[in-house]
Amino acid sequence: EPEVTQTPSHQVTQMGQEVILRCVPISNHLYFYWYRQILGQKVEFLVSFYNNEISEKSEIFDDQFSVERPDGSNFTLKIRSTKLEDSAMYFCASSSGTSGRAYDTQYFGPGTRLTVL
Amino acid sequence: GNSVTQMEGPVTLSEEAFLTINCTYTATGYPSLFWYVQYPGEGLQLLLKATKADDKGSNKGFEATYRKETTSFHLEKGSVQVSDSAVYFCALTPGGGSQGNLIFGKGTKLSVKP
């Protein structure tokens with residue numbers, strides 16, 4: 001069964017460093033998402049991406065964050081200058097877009113745990 | 001605004017017990033409602049969904065009914081198994097087909113003992 005994959009599973013970085021989290025969505029899916037979960041808190045929406053551009057973003061997704069689909073398979077989240085409060089589990093998701101975005105099932109990857117020291 | 005509130009965990013049950021996890025929502029439009037499950041070490045998986053009022057979503061013995069009058073989407077299972085031990089997340093997408101961002105509750109950890 002197709003699945004969303006994410007690498008690395010765990011990333012440790014120093015404050016102020018840039019990190020890139022990688023995701024391979026399910027092929028033929030059209031919508032891509034990033035979410036994060038700070039330990040003990042809710043899973044929060046960061047950004048959605050469609051047709052090579054951002055379609056929605058939350059207040060969390062400020063200028064420190066960017067997303068890219070550099071080729072036909074990868075979908076990346078870059079944090080330019082990490083802060084301690086960026087420590088969280090980051091989930092990538094994708095959906096087919098066949099039912100309309102509000103109704104589609106989003107398929108999630110296993111997550112990347114980011115630790116900022 | 002849009003938000004989801006679900007019962008605090010952890011919930012510990014014996015095998016074959018009845019499960020209810022409460023979920024209520026606040027939404028400005030006509031949301032779609034979802035339950036996702038996260039097994040240890042894995043990503044979130046869709047368990048069931050309902051896209052309009054009075055719809056019942058069901059999967060693997062779990063059920064939830066979209067109740068607009070009480071703004072609720074409680075998850076139920078008649079007889080839980082050890083393999084149901086996981087974290088359960090209630091979520092919504094805001095009304096309107098153009099908005100796909102999921103808004104999650106905090107999650108409820110379920111432990112089922114043999």
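A residue is called buried when its relative accessible area is under 20%, exposed when that area is over 50%, and partly exposed in between (1.4 Å probe, protein chains only). The model toured here is predicted: local features need pLDDT of at least 70, side-chain atom pairs count only at pLDDT 80 or more, and totals for chains, interfaces and linings use all residues. Residues are numbered from 1 along each chain as its sequence is written, chains are lettered from A and ligands numbered from 1 in the order in which they are written, and side-chain values use heavy atoms, with hydrogens and water left out.

**First stop: the disulfides**

Select the cysteines of both chains. Taking a disulfide as a pair of cysteine sulfur atoms within 2.5 Å, the count over all chains is two.

In chain A, Cys23(A) is joined to Cys92(A), with an S to S distance of 1.9 Å. The torsion about this S-S bond is about -65°, so the disulfide is left-handed. Cys23(A) belongs to strand β3 (residues 19-24) and Cys92(A) to strand β9 (residues 88-95), and the pair links distant parts of the chain, 69 residues apart. Strands here are DSSP runs (E, at least two residues), numbered from the N terminus. Both Cys23(A) and Cys92(A) are buried.

Move to chain B and select Cys23(B) with Cys90(B), whose sulfur atoms lie 1.9 Å apart in a disulfide. This link is left-handed, with -70° about the S-S bond. Because Cys23(B) lies in strand β4 (residues 23-26) and Cys90(B) in strand β10 (residues 86-93), the pair ties together parts that are 67 residues apart in sequence. Cys23(B) and Cys90(B) are both buried.

**Second stop: Gln6(A)**

Return to chain A and select Gln6(A), in strand β1 (residues 5-7). Its relative accessibility is 7%, so Gln6(A) counts as buried. Polar contacts are pairs of N or O atoms within 3.5 Å; within protein, one must be able to donate a hydrogen and the other to accept it, and residues adjacent in sequence count only if both atoms are side-chain atoms. The side chain of Gln6(A) reaches the backbone oxygen of Tyr90(A) at 2.9 Å. A polar atom of that side chain also lies 3.0 Å from the backbone nitrogen of Cys92(A). Contact means heavy atoms within 4.5 Å; beyond four places in sequence, the residues that Gln6(A) touches include Cys23(A), Trp34(A) and Gly109(A).

Select Val47(A) in strand β5 of chain A. Val47(A) is buried, at 0% relative accessibility. Among its contacts beyond four places in sequence are Trp34(A), Ile54(A), Phe61(A) and Val67(A).

Next, select Ser95(A) in strand β9 of chain A. Ser95(A) is buried as well, with a relative accessible area of 0%. Beyond four places in sequence, Ser95(A) is in contact with residues including Tyr33(A), Asp104(A) and Gln106(A).

**Last stop: the interface**

Display both chains together. The contact takes 20 residues from chain A and 24 residues from chain B. About 1,800 Å² is buried between the chains, with carbon and sulfur atoms giving 54%; buried area is the accessible area (1.4 Å probe) that two parts lose on being put together, summed over both. Across this interface there are four residue pairs in polar contact (both at pLDDT 80 or more). On the side of chain A that touches chain B, β4 (31-37) and β5 (43-50) each supply at least two residues. β4(A) gives the most to that side, with three residues.

How values were computed: Helix = DSSP H or I, 4+ residues; strand = E, 2+ residues; numbered from the N terminus.
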